[in-house]
Structures are given as structure tokens and as C-alpha cells.
Amino acid sequence: MTEPTVPEPYVAESPGREAWRMYSRNRTALFGLGLLFVILAITFYGSFFYAGDAYDIVWAPHEPPMVTPEFPLGTDYLGRDIVTGMLKGGGPTMAVGAAAALITMVIGVSLGALAGFYGGWIDTALMRFTEFFQVLPALLFAMVLVTLFSPSLWTIAFAIGVVSWPQTARLTRAEFMKIKELEYVTAARAIGAKNTRIIWKVILPNAAPPLIVSAALTIGVAILFEAGLSFLGLGDPNVMSWGLMIGANRDQLLDAWWPVTFPGLAIFLTVLAVSLVGDGLNDAFNPKLRER
Amino acid sequence: MSALLEIEDLNVTFNTRYGAVTALDSVSLHVNAGETLGVVGESGCGKSITALSVMGLIPSPPGRIAGGSIRLNGEELTTASPARMRAIRGAEAAMIFQEPMTSLNPVFTVGAQIAEAIMLHQKVGADQAMRAAVALLDRVGIPSPDARARDYPHQLSGGMRQRVMIAMAVSCRPKMLIADEPTTALDVTVQAQIFDLLNEIQRDFGAAIVLITHDMGAIAEMADRVAVMYAGRVIEGATADDVLDHPQHPYARGLIDCIPNIAKGDAALREIPGVVPPLHLLGAGCAFAARCAHANNRCHTEKPKLAAHGHHPAACHAVQEGRI
């Protein structure tokens with residue numbers, strides 16, 4: 001006779017844990033997360049091995065890759081080491097992307113939440129304001145802002161944030177308008193909760209999944225944006241970044257492909273990784289793809 | 001003795017695309033401490049609007065309290081400040097909603113939500129609030145409350161969730177509990193359990209209950225007194241026994257006739273023909289006239305007042321003229 005099976009004690013699973021379980025089943029999403037970790041690890045630890053200044057002229061210009069062992073990816077048009085540039089430039093590139101995404105989320109979520117929650121004239125006023133930003137050509141507007149405040153990492157992140165928030169605001173507003181009609185919001189009111197509490201502690205946590213996805217995707221867009229600004233010569237000239245390397249070397253592209261190609265590849269891989277993570281989060285949070 | 005809750009001549013209007021419509025028309029009700037008032041009527045009769053008015057939760061705009069007064073413990077609520085209303089909600093008057101599936105926040109554990117309700121009104125720490133929440137879950141009959149407090153709403157059944165809602169509603173020992181169709185979304189067997197629980201809670205906490213329902217069976221089981229509502233007006237009010245045994249208004253008679261009675265050998269379910277008229281189409285006469293077998297000219301042109309005639313007050317010309 002077999003022992004009667006004792007049912008497993010039922011353990012409650014938090015929404016975050018459940019989302020991670022769904023996420024970890026998604027192979028492409030895991031690949032994206034792994035790739036992102038590898039890129040972060042290389043740029044972080046790599047700069048300890050290549051301690052030199054990325055701006056130092058260390059060799060003859062336009063040394064092709066895989067010729068001199070000390071400079072495996074060659075040198076640029078001034079004779080600066082490309083590996084050092086890549087490793088030193090990764091951090092600022094990703095920092096600008098993350099900072100810009102943060103600024104985008106803070107502005108977009110705040111305004112979208114207020115507009116969606118209060119409705120009425122507050123909604124009308126905030127949405128007209130949002131449309132005003134939305135109709136401006138993003139790249140041109142960002143260029144104007146960067147030129148106005150002189151290029152630095154902070155002004156670039158700020159400019160990207162200022163031109164990117166309208167979409168986040170609209171998304172947040174739509175989520176808030178949907179969720180504020182739900183019964184648990186009325187129930188929260190019925191136990192005496194204030195509006196501010198309802199906005200931040202009741203509605204926002206429920207609106208979070210699409211916003212987290214949007215934040216992840218915004219990081220990728222912001223990295224591309226920074227590269228675009230640097231390519232146009234509007235990057236911070238004092239801080240090495242992948243975009244700056246491409247921008248500085250683009251005139252010699254036909255003579256030497258490597259100073260532009262390797263940073264370009266790095267941007268491509270980083271944005272790919274961030275986008276895969278974003279898509280994976282989207283799937284993980286989507287209840288329709290979740291098994292019950 | 002003055003009543004715990006007194007609603008007098010309450011008028012609530014909503015702005016719609018048909019213009020301002022009257023959702024509540026001179027509604028007067030009172031609830032004494034510790035008793036249960038049943039409010040019955042079909043969907044769209046103003047039962048829930050009455051409840052939301054008391055809680056100060058009428059969606060505004062488009063809704064507006066256009067007149068009348070609501071007094072809780074003698075305190076006027078229609079003119080109370082928003083801060084005062086927040087202090088009253090949850091602490092002195094609490095509400096249980098119809099849909100236990102959707103009235104709990106899906107991203108927090110039920111224990112955390114009850115603890116939150118406690119901390120909104122009482123100066124206690126998070127640990128103490130959580131212990132109180134577990135005790136409340138135990139009180140409303142949830143087995144292994146310690147573990148269930150860490151569950152998320154979607155992990156509980158409908159009946160369990162309604163118990164959680166009740167625990168949350170009584171967490172600050174309100175004197176007034178409004179239950180808006182608390183069992184409509186639940187299985188019949190669970191309904192009976194929830195009613196038993198509400199009765200127990202009422203005994204223990206001494207709270208007055210306003211039970212909003214369209215289920216006459218629930219009224220028979222729960223209510224001390226009954227107010228029948230139709231198209232935004234109270235059309236009959238008396239003790240539950242009087243209304244159930246001697247309904248006066250044709251609408252109240254109809255509602256009670258709708259209860260299937262096997263002893264009488266009912267073969268098919270009875271119904272009241274027609275539907276509640278849309279509020280913007282209410283004419284000068286009795287709102288029920290179009291569905292009423294006893295309606296005459298006067299019924300179509302003059303609104304009947306709620307007046308005692310015969311057994312107990314009913315707003316019906318036919319009853320007051322002794323035609324039925």
C-alpha cells in the first residue's frame with residue numbers, strides 16, 4: 001500500500017515572482033537579458049584592463065584590426081585605441097540611455113496619471129500640452145535643446161527625455177482612465193483613501209506592467225537617440241561614447257571601416273538586448289499569454 | 001430616539017446627454033442603530049445611488065446632490081468637507097460591494113489591504129495592523145487566516161473574497177455598514193453563509209446594516225424594515241413582515257409574486273411585465289403606471305405621495321383610493 005500523498009503546502013506567489021517565472025520561460029527574452037549582462041560586465045570590468053585614456057593617441061592612425069596584438073580592433077583616424085574607446089564609451093552610452101528613460105518616465109507618468117485620473121479640464125489642458133510636444137520633430141527639437149544648453153551627458157539625457165515623454169504620458173493616461181473605473185478603486189475610496197494615495201498606491205501598481213515594458217523599450221530608443229546626436233556632432237565632446245566614436249570617424253568611413261563599425265555593432269547589440277528584455281517583459285506581464 | 005442614519009428628501013441629479021435627469025427624487029429613509037434596513041427594487045431604481053450618496057461617492061461630475069440632507073449620528077454629510085468625509089468613510093460608515101471578484105486590488109495581498117484600511121483610520125504600526133488583519137480574517141471565518149493573509153485576491157474563491165471585503169469593511173468597527181448586493185455574484189450556498197456572517201457581525205459589532213438587494217428571499221432572512229424603491233423614489237416602507245405579508249403598492253406586490261412558491265404549485269416563474277423606464281422619460285404621473293394593471297388617468301398625470309393608508313405607507317393612488 002502506498003502512502004497517501006500529502007498535498008503540497010500552498011504557497012502564495014507574488015505578481016513579480018509570477019512575472020519572473022513567465023519571463024524565464026521565454027528563451028529569446030532570457031537571451032536578451034544574458035546579452036545585456038555580458039555587455040554591462042564587459043564595459044564595467046573591461047575598463048580595469050584597459051586603464052588608458054580613450055582620448056590618448058597611442059599608435060599610428062588607421063591601424064587595421066587584428067594586425068598589432070596590442071590593438072586588436074585597430075586605431076581611429078587620430079591613432080586612438082578602439083578597444084579602449086569601446087570599453088570607456090559603453091558606460092556613458094548606457095547611462096545616458098537609462099537617465100533619458102528615467103526622465104521620460106518621470107515626466108510622462110506624472111502628467112499622464114494626473115490627466116487620466118482627474119479628467120475634465122485638467123486632462124484637456126495636460127493633453128493639449130502633450131500634443132504640443134508630440135508634434136515637434138523629436139530629433140530637431142532635441143538638437144535645439146542640446147545646442148541651447150551646450151552638449152554634456154546631462155543635457156543630452158535631459159533633451160532626449162523632454163522629447164520622448166509624450167508617448168509615455170498618453171499610455172499612462174489611457175491606463176489610468178481604464179483602471180479608475182474599476183470597482184477596487186471605488187472600494188479604496190470607500191475605506192477613506194485620499195486621491196494621492198489612490199493614484200500612487202492603488203492605480204499605479206496596476207498600471208505598472210505596460211509602463212515597465214515601455215521604460216525598457218525607451219532605454220533602447222534613448223541609446224539610439226544619443227548615438228544619433230553624437231553622429232551629428234552634438235555629443236558631449238569630453239566624454240567618450242559609442243555615438244561619439246561613430247560621429248568622429250564617419251568622414252573616413254571609406255578609408256577605414258573599423259572605427260565606425262565596432263561601436264555601431266556595440267550599439268546594435270545593446271539596443272537588441274534591451275528590446276528583447278522589453279518584449280520579454282511585455283509577454284510576462286500579458287495575462288492572456290499566462291497559463292492559469 | 002433619533003435614528004443613526006437619516007436621509008431626508010434627498011435629490012440626486014445626473015447630467016446626461018438628455019439633460020439633467022433625477023436619479024433620486026425626494027428619497028427619505030432612516031436606519032436605527034443596530035437594525036437592518038432592506039432596500040429593494042429592480043436594477044436602475046436608485047438603490048446603489050442612495051448608498052453611494054451616503055458614502056459621498058457619487059461620481060461628480062456628472063452626478064450631484066441637488067437637495068435634501070443625509071445625517072449620520074446627527075452630523076450632516078451633504079455639506080461635510082472632503083477631509084471629513086474621508087475620515088467618516090471606512091471608520092464610521094463602510095461599504096461592501098457587489099463584485100468581490102473586482103473590488104479587491106489585484107496586486108496586493110488581502111492581508112496588506114485590510115491592514116491598509118486599518119492604518120488609514122487608526123494610529124497603529126504595520127505589524128500591529130497586520131496582526132489585526134489576520135484576527136479579522138479569522139473572525140469572518142476564513143480558515144488558516146495566517147496563510148490566507150499572504151494570498152492575492154485571485155487565489156481566493158468568490159465567497160472568500162466577499163469575506164475579506166466584510167473583514168475590511170468592519171476593520172474600524174463602523175456603526176453603519178452598507179452592503180450593496182453583497183451576494184449577487186455568489187453561489188446560492190455561499191449566499192446563505194455570507195448572510196449568516198453579516199448577521200453575526202451585526203450582533204458582535206452592533207452595526208446597522210443597509211442591505212441593498214433585489215432578492216426578496218434575502219430581505220425575508222435579513223431585514224428588520226424594508227424600503228421598496230422604484231425609479232428613484234421610495235414607494236413603500238414598513239417592517240419586513242408587513243411588506244412581505246401585506247404588500248400595498250402594486251410594484252411591491254409584483255416583486256413578492258415573483259418569488260417562486262412551490263407550495264402554490266407554480267409551474268412557471270412570474271414576472272412584472274415591462275422594464276423600469278429610462279429616467280429621462282419619466283412623465284408627470286406615477287413612474288410605475290405604464291406597467292400597472294390598476295393605473296387610471298390620475299396615475300398617469302399626478303405623482304402619488306408616500307402616505308399611510310390602511311396597512312402601512314405606500315405611494316400609490318390606487319391603494320390610497322381603496323381601489324386595491
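User: What share of the contacts in chain B with a separation of 6 or more comes from residues 24 or more positions apart?

Analyst: Two residues are in contact if their C-beta atoms, placed from the backbone, lie within 7 Å. In chain B, 64% of the contacts with a separation of 6 or more join residues 24 or more positions apart. This is a predicted model, in which local features need pLDDT of at least 70 and side-chain atom pairs pLDDT 80 or more, while totals for chains, interfaces and linings use all residues. Residues are numbered from 1 along each chain as its sequence is written, and chains are lettered from A in the order in which they are written.

User: How many residues does each chain bring to the contact between chain B and chain A?

Analyst: Chain B gives 26 residues and chain A gives 16. Of the elements of chain B, H3(B) supplies the largest share of its side, three residues.

User: Which residues have the most contacts inside the largest nonpolar core?

Analyst: A nonpolar core is a set of buried Ala, Val, Leu, Ile, Met, Phe, Trp, Tyr and Cys residues joined through C-beta atoms within 7 Å; buried means that 20 or more other C-beta atoms lie within 10 Å of the residue's own. The largest has 170 residues, and B:Ala133, B:Leu177, B:Ile178, B:Val210 and B:Val228 have the most contacts inside it. Helix H8 (residues 195-231) of chain A contributes the most, 16 residues. Leaving aside residues up to four places away in sequence, B:Leu177 touches B:Ala94, B:Ile96, B:Ala169, B:Val170, B:Ala207 and B:Ile209.

User: What percentage of chain B is buried?

Analyst: Buried residues are 47% of its 324 residues.

Conventions: A residue is buried if 20 or more other C-beta atoms lie within 10 Å of its own, exposed if 12 or fewer, and partly exposed in between; C-beta atoms are placed from the backbone. Helices (H or I, at least four residues) and strands (E, at least two) are DSSP runs, numbered from the N terminus.
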